[in-house]
Amino acid sequence: MRNRWLTVALVLLGNLAAPWPVFAQLMQGIPRSPMEMLAGAERPPQGLYIMPWVAAGVVYDSNVFFRSRDLGPQDDVFLRVTPGLQASYQSTPLTVVANYRFDAEEYSHFHTLSTVQQRQFGTVELRYRPSVNWNLSNTLGYAQTRTPFELNFLTSAQVARIKTERYFVSPAAEYRIDPYTRLRGEYAFSKDIFGGQVDINSHIFTLGMERRLGAHDTIGPGYIGRHFTFSGDFNTPIAGFLGGNPNDVNSHAFVVNWAHEFAAGTRLDVRAGPRFTNGGLDDRPEALVGLRRRIQNGELGLTYTSAITTVIGTVGSTRTDNVTLTALYEPVKHFTLTAAPTVAWIKNSTFSSTIYTAYVEAAYQFNKFVTAKGSAYFSHQESELTGSSGTFVIPRNVFWFRVELTYPTRWED
């Protein structure tokens with residue numbers, strides 16, 4: 001394996017359309033567990049791995065309070081220190097991966113924003129294979145942040161700086177009927193608590209069957225069901241809360257999944273079909289189109305998603321269409337470049353927005369203990385409130401330079 005860190009990054013890059021924790025870890029610079037790093041080996045060693053780590057660096061934020069351009073953004077420079085702990089256990093049938101970290105930040109000008117726990121993030125992932133035909137998995141976790149746009153995974157919608165919590169769990173099961181056919185089911189639940197007053201509960205059910213046809217194609221039917229509920233105090237003003245329709249949302253999408261593997265490491269994934277929300281046919285289908293191509297020392301990806309989701313800062317469902325281009329390249333050994341520009345068009349009962357974002361990162365791994373990283377996050381949000389003729393713009397740029405120290409250790413019996 002030429003560079004196991006490149007292998008890890010490619011795994012992350014290939015999962016940008018996956019559930020939000022994967023992408024959140026990439027955006028926040030969280031190292032994957034040691035077992036994930038060894039995924040490219042022919043046979044990862046069994047046993048317990050522990051990896052304490054700490055990252056320290058300087059961050060510049062051009063719009064600390066997510067203010068519109070008309071009101072005048074306010075910037076600041078602050079110190080961010082992030083301790084974390086990775087732990088992994090693997091036996092023949094069972095793998096357990098645990099991860100926890102938190103961010104402590106000290107601001108130069110806005111001292112009231114300084115806190116030991118600006119955000120924290122923890123997950124436990126379980127993978128169990130009781131037999132050749134069965135694969136079972138589950139991920140459960142907790143996230144807390146004072147910049148909740150980080151939890152608006154599909155939209156990156158910018159909202160005010162306010163404490164937000166998320167609890168989530170996503171069990172899944174896969175059964176192989178024969179070497180060419182498999183069934184898969186997954187349930188994902190998340191509970192978001194915004195400002196201690198508004199709760200968003202999201203239930204997503206995914207079912208599918210996949211049949212391999214020949215050497216390059218797989219095809220099969222699928223179903224995606226969504227149930228969103230909202231509760232809390234909608235009348236007391238909260239910074240960043242825009243209201244919305246608090247009625248329950250029920251959505252059902254019936255799709256066809258198709259994947260084709262081209263030569264030279266290129267793969268196309270398509271998922272599309274009609275979607276019905278609260279008894280009516282949506283004006284847009286449920287869709288996901290992903291194209292990935294491996295290049296020498298890297299990978300390119302292009303993803304289009306059309307779905308409905310929830311947005312922290314409002315209640316009710318939000319329709320989103322977004323396009324993401326991803327690129328990862330290792331020009332020389334131990335030095336990787338990552339880029340992920342995105343554009344999203346979102347609409348709900350309260351507002352409609354066009355959001356442009358881009359994430360770029362350069363990382364150099366000196367050895368297995370020390371990595372230096374520099375990254376930038378650019379965001380430009382144009383929004384229009386329902387019933388209003390005006391447009392407000394929220395620009396924001398974040399630059400982050402840090403050093404990460406890790407110490408992976410295998411515990412022997």
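**Pocket, strands, salt bridges and cores in a predicted model**

The second largest pocket has a volume of about 330 Å³. Here a pocket is an open set of points, on a 1 Å grid over the protein atoms alone, with protein on both sides within 12 Å along at least five of seven lines, and a lining residue has an atom within 4 Å of a point. Grid points are joined across faces, edges and corners, and a volume is the space filled by probe spheres set on the points. The lining of the second largest pocket comprises 17 residues, of which Thr277, Ser317, Thr318, Asn348 and Ser349 are the closest to its centre. At least two lining residues of this pocket come from each of E13 and E17. Strands (E, at least two residues) are DSSP runs, numbered from the N terminus.

The structure is a predicted model, in which local features need pLDDT of at least 70 and side-chain atom pairs count only at pLDDT 80 or more, while totals for chains, interfaces and linings use all residues. Residues are numbered from 1 along each chain as its sequence is written, and side-chain values use heavy atoms, with hydrogens and water left out.

Strand pairing was examined next; two strands pair if DSSP finds at least two bridges between them. Strand E2 (residues 76–90) pairs with strand E3 (residues 94–107) in the antiparallel sense, over 11 bridges. These two strands, E2 and E3, form a hairpin with 3 residues between them. Within this pairing, Val81 has Ala104 of E3 as its bridge partner. E3 also runs antiparallel to strand E4 (residues 115–128), and 11 bridges join them. There, the bridge partner of Val97 is Glu125 in E4. In a regular strand the side chains alternate between the two faces of the sheet.

Across the whole structure, 26 salt bridges are found. A salt bridge is defined as a side-chain nitrogen of Lys or Arg within 4 Å of a carboxyl oxygen of Asp or Glu. Because Arg275 lies in strand E13 (residues 275–277) and Glu286 in strand E15 (residues 286–295), the pair ties together parts that are 11 residues apart in sequence. Arg275 is buried, at 1% relative accessibility, and Glu286 is buried at 0%.

A further salt bridge is formed by the side chains of Asp321 and Arg284 (3.1 Å, N to O). Asp321 belongs to strand E17 (residues 318–332) and Arg284 to the loop between strand E14 (280–281) and E15, so this pair ties together parts that are 37 residues apart in sequence. Asp321 is buried, with 6% relative accessibility, whereas Arg284 is partly exposed at 32%. Salt bridges that share partners also join Arg80, Arg101, Asp103, Glu105, Arg119 and Glu150 into one network.

Positive phi values occur at two asparagines. The phi of Asn278 is near 50°, and this residue is found in the loop between E13 and E14. Asn297 has a positive phi of about 65° and lies in the loop between E15 and strand E16 (298–309). With a relative accessible area of 21%, Asn297 is partly exposed.

A nonpolar core is a set of buried Ala, Val, Leu, Ile, Met, Phe, Trp, Tyr and Cys residues joined through side-chain atoms within 4.5 Å. The largest such core has 14 residues, and those with the most contacts inside it are Phe194, Val198, Phe228, Phe230, Ile238, Phe241 and Val315. Strand E9 (198–213) and strand E10 (217–232) are the elements that give two or more residues to this core. Another core, apart from the largest one, has 11 residues, among them Val59, Tyr107, Tyr377 and Trp400.

Val343 lies in strand E18 (residues 335–347) and is buried, at 16% relative accessibility. Contact is taken as heavy atoms within 4.5 Å. Leaving aside neighbours within four places in sequence, Val343 is in contact with Asp321, Asn322, Val323, Thr354, Ile355 and Tyr356. Val343 and Ala358 are 15 residues apart in sequence, and their C-alpha atoms are 8.6 Å apart in space.

Conventions. Helix = DSSP H or I, 4+ residues; strand = E, 2+ residues; numbered from the N terminus. Buried < 20%, exposed > 50% of the residue type's maximum accessible area, 1.4 Å probe, protein only. 1 Å grid on protein atoms, 1.4 Å probe; cavity = no way out; pocket = protein on both sides within 12 Å on 5 of 7 lines; lining within 4 Å.
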